[in-house]
Amino acid sequence: MFFAALFQTLVGQVVTVELKNDLCIRGTLLSVDPYLNVRLADVVVTEPEAFPALLALRHSCTVRGSCVRYVHLPPDQVDVQLLQDATRQVASAVKAARVRPVGE
Amino acid sequence: MQSAGSAAEGASTNGALTGGSILGEPSDLVRLCLDELVYVKLRGERELVGRLHGYDQHLNMVVGDAEETVMSTEVDEETFEQIVRTRKRKLPLVFVRGDTLILISPLFRQSGASR
Amino acid sequence: MDSMPGQHETQRPADFLRQILGRPAVVKVNNGAEYRGNLVCLDGYLNIVMEGTEEFVGGELKRRYGDVFLRGNNVIYVGPAPAK
């Protein structure tokens, strides 16, 4: 959920999605859902010779979240300070939600 | 979502294990790693060293200024020697999906420093 | 609850883990590596934090970690470290 929100802020930016089968897909981020499935536009496969079938894939594609290994993000488009603060907040909220029913 | 039974089981483990240690639960260590240099071991013989900028309960992470090392071992057909090849690359800012993660270790404190 | 044969009284996995807590432990993960160190804490997913950990691959010491977090889904077993 939390990273879905991060990706939401990157809609319109160019990202590279690296899949678990080593395929790299570069494209403009169109949308993301809570499962971190991502839709990309203007797709370029970085090694088309390795996956010739994907040459047919020109305009847009959806990548299933579970197939993703990395998403290479544009560093100048992400406020890492904000990300760290949000991470701390979410972590303590998750912890509070988990510990409370046990303690009392 | 987990079933009520297994959730209760996990919760009772948590409660019982908090006593006596500095860290209440494993995720506390990851929280201590925020904004610090970390070593991350991933599936597929991959390692990352970089700064941890964010994570969630699945251990999805965002790592900055990372160096990735990919190791591949090949067996020489004639000598049967194992040849380990490593490839390194720089990843300025990367989101790492948590399901590939095996371990994470902070690099800022050395062995024994926590005790 | 069914009772187990033998002289031990029935023990649940959580009780077993509680006994190892804070003690030298060995954890095997599904890529074949084994981790030996002090078991600091763990949770219901079997996420584990150990300190002073040594990583063994194929019986060979590969690496040392100060503190280490192991993601629970990779854990095959956790047990007390055998006395040397």
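Leaving aside neighbours within four places in sequence, A:Leu73 is in contact with A:Leu6, A:Phe7, A:Leu10, A:Val15, A:Val78, B:Val62, B:Leu93 and B:Phe95. Contact means heavy atoms within 4.5 Å. The model is predicted: local features need pLDDT of at least 70, side-chain atom pairs count only at pLDDT 80 or more, and totals for chains, interfaces and linings use all residues. Residues are numbered from 1 along each chain as its sequence is written, chains are lettered from A, and side-chain values use heavy atoms, without hydrogens and water.

A:Leu73 is also among the residues with the most contacts inside the largest nonpolar core, together with A:Phe7, A:Val17 and A:Val63. This core has 28 residues. A nonpolar core is a set of buried Ala, Val, Leu, Ile, Met, Phe, Trp, Tyr and Cys residues joined through side-chain atoms within 4.5 Å. Buried means under 20% relative accessible area, with a 1.4 Å probe and protein chains only. Elements giving two or more residues to the core include α1 (2-9) and β1 (14-19) of chain A, and β4 (82-96) of chain B. Helices (H or I, at least four residues) and strands (E, at least two) are DSSP runs, numbered from the N terminus. The largest share, five residues, comes from α1(A). A second, separate core of 25 residues includes A:Ala91, B:Ala66, B:Leu101 and B:Ile104.

Aromatic rings were examined next. Rings of Phe, Tyr and Trp (its six-membered ring) pair if their centres lie within 6.5 Å; planes under 30 degrees apart count as stacked, over 60 as edge-to-face and the rest as tilted. Five aromatic pairs occur over all chains. The rings of A:Phe2 and A:Phe3 have centres 4.9 Å apart and planes at 50°, so this pair is tilted. A:Phe2 is buried at 15% relative accessible area, and A:Phe3 at 0%. C:Tyr35 and C:Tyr65 form another tilted pair, 6.4 Å centre to centre with 45° between the planes. The two tyrosines are 30 residues apart, in strands β2 (residues 34-42) and β4 (residues 60-70) of chain C. Ring pairs also link A:Phe2, A:Phe3, A:Phe7 and B:Phe95 into a cluster.

The structure holds zero disulfides over all chains. A disulfide is a pair of cysteine sulfur atoms within 2.5 Å. The sulfur of A:Cys61 is 11 Å from the closest cysteine sulfur, in A:Cys67, too far for a bond. For C:Cys41, the closest cysteine sulfur is 12 Å away, in B:Cys33, again too far for a bond.

Definitions and conventions:
Buried < 20%, exposed > 50% of the residue type's maximum accessible area, 1.4 Å probe, protein only.
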